[in-house]
Amino acid sequence: MERGDFHWVVGEVHPGVNTLRSALFVAQHPNPGELRTATAADLPGPRVALAATGEEGGAPSRITDKLIVDRDLRLVFGHDSCGLDPATAVGIADCDLMPVDGVLTVCSRDGRYRLPLSEVVGEPLMLQLIQRFDILRTAAHQPRITVDRVVLARESWRFTAADLDFARIADEGDRFRRLRRWQCANGLPRHVFVKTPVEKKPFHLDFASLASVDVFARAVRRTVDRDDAATLRLSEMLPGPEQSWLTDAQGRLHTAELRLVAVDTRTPTAPHGEGKPE
């Protein structure tokens, strides 16, 4: 880096959320209280946060929001949420949706809270959209896009699952050979990440690994069984294993990630605090 011989790669953009709030990051910070103080400064008013739950729609424990402060409202929608202060928690079954001055508003039946619907559903919507942001339109093949020293988009390919007929070949050796020929025909690198409709997160595929190829074939079959018109997205691994630069005490190479949080500090057009809990 001192020589200037480096490139930045934009990995993911998560609009509407501070990903450093996740439990795994806060737990490793030397001063979690400092993070909460900074969050309170960025968001002067209380916010609506989803209560932790293992039910569908909730965040896994490792990415649970740990920057919630006392003034924030916990919205409870799971049967397994517990240990919450009743003064700052409300169940969705204890609320009504009604128009107030022309605005759809969520009102708690005990009269403590009255919030615009957009504020209440903001967190659940964010959780559904957090992995879906993309600066590019969908394309069968997207070349790598680099501006100066910043890679804005990795090279990627999209394939219809039903067209990947090698996944149905029973013989492991034949399946591996067919898939390698398919890889070469499409100009795919050895290491890619695969995103399918049946997996929440992308997974690594090494075309030179028989075990990795078998995992990929099973993912293709599961996708076809669910929807034969569904597509899979493959994207190049960048940086690749040979480009890792971070070493530990034993000299082993590791990947490295730099996370940045951008906050809009401009004064909002509407008076701040509009729609806050009453």
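Which strands form the open sheet with mixed pairing, and in what order? I looked this up before anything else.

**Entry 1: ground rules**

I am working on a predicted model, in which local features need pLDDT of at least 70 and side-chain atom pairs count only at pLDDT 80 or more, while totals for chains, interfaces and linings use all residues. Residues are numbered from 1 along each chain as its sequence is written, and side-chain values use heavy atoms, with hydrogens and water left out.

**Entry 2: the mixed sheet**

The open sheet has three strands in the order β1-β10-β9, and their pairing is mixed. I take strands as DSSP runs of E with at least two residues, and helices as DSSP runs of H or I with at least four residues, numbered from the N terminus. Two strands count as paired if DSSP finds at least two bridges between them. β1 and β9 (145-147) are the edge strands; each has a single partner strand, so one side of each has no neighbour in the sheet. I then checked β9 against β10 (residues 150-153): the two run antiparallel and are joined by three bridges. T146 has V151 as its bridge partner in β10.

**Entry 3: the antiparallel sheet**

I found another open sheet, of five strands in the order β8-β11-β14-β12-β13, with antiparallel pairing. Its edges are β8 and β13 (203-206), each with a single partner strand, so one side of each is left without a neighbour in the sheet. As a reminder to myself, strands of a sheet pair through backbone hydrogen bonds, either parallel or antiparallel.

I went through the pairings in sheet order.

- β8 (residues 141-142) and β11 (residues 156-160) are antiparallel and share two bridges; H141 has W157 as its bridge partner in β11.
- β11 pairs with β14 (residues 231-236) over five bridges in the antiparallel sense. R158 is opposite R233 in β14, and F159 is opposite L232 in β14.
- β14 and β12 run antiparallel with four bridges between them; F193 has S235 as its bridge partner in β14.
- β12 (residues 191-195) pairs with β13 over four bridges, again in the antiparallel sense. H191 has D206 as its bridge partner in β13.

I also noted that helix α5 (residues 210-226) packs on this sheet and touches β12, β13 and β14, its direction making about 125° with that of β13. Contact here means heavy atoms within 4.5 Å. Axes are lines fitted to C-alpha atoms, for helices over the stretch in contact, and angles run from 0 to 180 degrees between N-to-C directions.

**Entry 4: the nonpolar cores**

Which residues of the largest nonpolar core touch the most other members? I get F166, W182, V194, F207, F216 and L234, out of 22 residues. At least two residues of this core come from each of β11, α4 (172-185), β12, β13, α5 and β14. The largest share, five residues, is from α5. Apart from this core there is another, of ten residues, including V48, L73, V106 and L115. A nonpolar core is a set of buried Ala, Val, Leu, Ile, Met, Phe, Trp, Tyr and Cys residues joined through side-chain atoms within 4.5 Å. Buried means under 20% relative accessible area, exposed over 50%, and partly exposed in between (1.4 Å probe, protein chains only).

I listed the contacts of F207, leaving out residues up to four places away in sequence; among them are F176, L179, W182, L188, V213 and L234.

**Entry 5: single residues**

H14 is in the loop between β1 (8-9) and α1 (23-26). Is H14 buried or exposed? H14 counts as buried because its relative accessibility is 15%. Its side chain makes a polar contact of 3.4 Å with that of E12. A polar contact is a pair of N or O atoms within 3.5 Å; within protein, one must be able to donate a hydrogen and the other to accept it, and residues adjacent in sequence count only if both atoms are side-chain atoms. Not counting residues up to four places away in sequence, H14 touches T19, I130 and Q131.

T88 lies in the loop between β3 (73-76) and β4 (89-91). T88 is buried because its relative accessible area is 16%.

A40 is in helix α2 (residues 32-42) and counts as partly exposed, at 27% relative accessibility.
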